[in-house]
Amino acid sequence: MLLYERVAAALRAQIARGTLRAGERLPSVRQLAQGHGVSTATAVQTYLQLEREGLAVARPRSGFFVRAATAAAPAARPPRRRAPGEVNNPALRSVMDLLARSDLLPLHSATPAPGLLPRAALTASLSRCLRRTPAAALDYAPPQGHFALRRLLAQRYAQVGAEVSAEEIVLTGGAMEAINLSLRAVTSPGDVVLVETPTYHGILQAVAAMRLKVLEVPTRPGLGIDVARMEQLLQQTAVRAAVLVPNFNNPLGSLTRDADKQAVVESCARHGTVIIEDDIYGDLAWSGQRPSPLRRWDDGGTVISCGSFSKVLAPGLRLGWVAGGQWSEVLARAKFFATVGGNSLTQLAIADYLQRHDLERHLRRLRRTLADNGQRLHDAIARYWPADTRVSEPQGGLSLWVQLPEGADSRLLFEQALGKGIGTSPGVLFSSRGDYVDCLRLSCGLVWDERMDRAMRTLGKMVAA
């Protein structure tokens, strides 16, 4: 037996015994070499062998990890709705009640757990702003928001190849306010709005509240927006706006390729369709490589780009933004009419945090944890759930999309899980007509512990029954 094969056999045995569990980081190449008294070249060969066997996976700039057992991806399916229509999904009314509950293990919540966020640094920034600039911190913010933070956001867009000026950015109370303001700015009741399916239920609720008609374009596990189908729909129907999530769609976690993103922007520009881009998950690429927003391929004439700090710094601070391009003045007025001004203390504190701390360092840790959790969820489903359960392979974000075995109903699973103190998001929440009865979304944002493992085991038993 060759030397690297002996080291691989030792690691293989640790994985089989559960000493090394799915999603856990393996020793670095240097640590492995030192621990087994071999060269770094032998350590690299060891990991390459485990990769070939499907036991390890390499992540750029993160190292090697124990790979979870694999399952088939959810089957792609065309939407039932082939023509524009109103959002008609009674299940959406239950979302607010579910989010209000604090007694559940929140596998239904696509937000990072507090323990994964930089609480101490944010607390220090909030305290510092109150001490040093109390008048500004406790007063109304300007309608567009404080310039210091808008300038920092413009710099972050430049880092991913998008030309955005600080003057066109409007700070909002989270990404959903940004999307709502954008819809109000560019649509009128009765207009047709294109959305992905499946898509985030908050987008569907916003479209319904404004009495807009919805047209659904498939988004595919692992591939993102179906660009060819989108072009067909735009040729057939006058679509005023498209609300799209190209970077790690919620709930699939799919990433639309750059070539397809460019095609989406060009297609919408040809047909006079305004794109409202929800880029809330763009910073959560599990590979560590931040993908470009749609705005990269636009000069401000077609794409309105929305974002938020809710998924990376603090959901409760409710700070988002919209880069409005030619609609910036309209959006600023709409923001002023709705709330007069935003939360000054939050805006100043986030600006202070960004100036004093390395956000990328925090994001690297957060991305690694989310990727680890995705692997652990995969492994738990492979171990505890029926063999014909299908699971998405997200490339980023906070969600895992699960397709249950034939005949299973995620609504029944949801009700039974509530009785055990476990929250889930049934698939019917993610389409305009309650499709995806056999699917559900699980969160990758919780700290993995024994309670999580027990919950996945309990859910597996419910699915099997």
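## Helix packing, salt bridges and backbone features

Helix α7 (residues 147-159) and helix α13 (residues 344-356) pack with their axes 8 Å apart and at an angle of about 45°. This makes α7 oblique to α13. The model is a predicted one, in which local features need pLDDT of at least 70, side-chain atom pairs count only at pLDDT 80 or more, and totals for chains, interfaces and linings use all residues. Residues are numbered from 1 along each chain as its sequence is written, and side-chain values use heavy atoms, with hydrogens and water left out.

Some terms apply throughout. Helices (H or I, at least four residues) and strands (E, at least two) are DSSP runs numbered from the N terminus. Axes are lines fitted to C-alpha atoms, for helices over the stretch in contact, and angles run from 0 to 180 degrees between N-to-C directions. Angles under 35 degrees count as roughly parallel, over 145 as roughly antiparallel, 65 to 115 as roughly perpendicular, and the rest as oblique.

### Two helix pairs

The crossing of α7 with α13 is left-handed; the term applies if the near helix is turned anticlockwise from the far one by less than a right angle, and right-handed applies if clockwise. On the α7 side, L149, R151 and L152 make the contact, and they meet Q347, I350, A351, L354 and Q355 of α13 (contact: heavy atoms within 4.5 Å). By class, these residues are 5 nonpolar, 2 polar and 1 charged. Here Ala, Val, Leu, Ile, Met, Phe, Trp, Tyr, Cys and Pro count as nonpolar, Asp, Glu, Lys and Arg as charged, and the others, Gly among them, as polar.

In the second pair, the axes of helix α14 (residues 359-384) and helix α16 (residues 450-464) come within 9 Å and cross at roughly 40°. That angle makes α14 oblique to α16. The crossing of α14 past α16 is right-handed. Helix α14 contributes L377, A380, I381, R383 and Y384 to the contact, while α16 contributes M452, D453, M456, R457, G460 and K461. The contact of α14 with α16 comprises 6 nonpolar, 1 polar and 4 charged residues.

### Salt bridges

The whole structure contains 19 salt bridges, each defined as a side-chain nitrogen of Lys or Arg within 4 Å of a carboxyl oxygen of Asp or Glu. The table gives three of these pairs.

| Pair | Closest N to O distance |
|---|---|
| E177 and K335 | 3.1 Å |
| D453 and R457 | 2.7 Å |

E177 is buried, at 18% relative accessible area, and K335 is buried at 3%. Buried means under 20% relative accessible area, exposed over 50%, and partly exposed in between (1.4 Å probe, protein chains only).

D379 and R383 both belong to helix α14, where they stand 4 residues apart, about one turn of the helix. D379 is buried, with a relative accessibility of 14%, whereas R383 is partly exposed at 41%. In helix α16, D453 and R457 are also 4 residues apart, or about one helical turn. D453 is buried at 4% relative accessibility, and R457 is partly exposed at 28%. R383 of α14 and both D453 and R457 of α16 are among the residues in the contact between these helices.

A network of salt bridges links R156, D279, D283, R290, E360 and R367.

### Loop residues and backbone geometry

T197 and P198 are joined by a cis peptide bond, with omega about 0°. P198 is located in the loop between β5 (192-197) and α9 (201-209).

F248, a residue other than glycine, has a positive phi near 65°. This residue lies in the loop between β8 (241-244) and α11 (258-271), and F248 is buried at 2% relative accessibility. V340 is not a glycine and has a positive phi of about 65°. V340 is placed in the loop between α12 and α13 and is partly exposed, with a relative accessible area of 37%.

T302 occupies the loop between β9 (274-278) and β10 (303-308). T302 is buried, with a relative accessible area of 10%. Leaving aside neighbours within four places in sequence, T302 is in contact with V265, C268, A269, T273, V274, I275 and W327.
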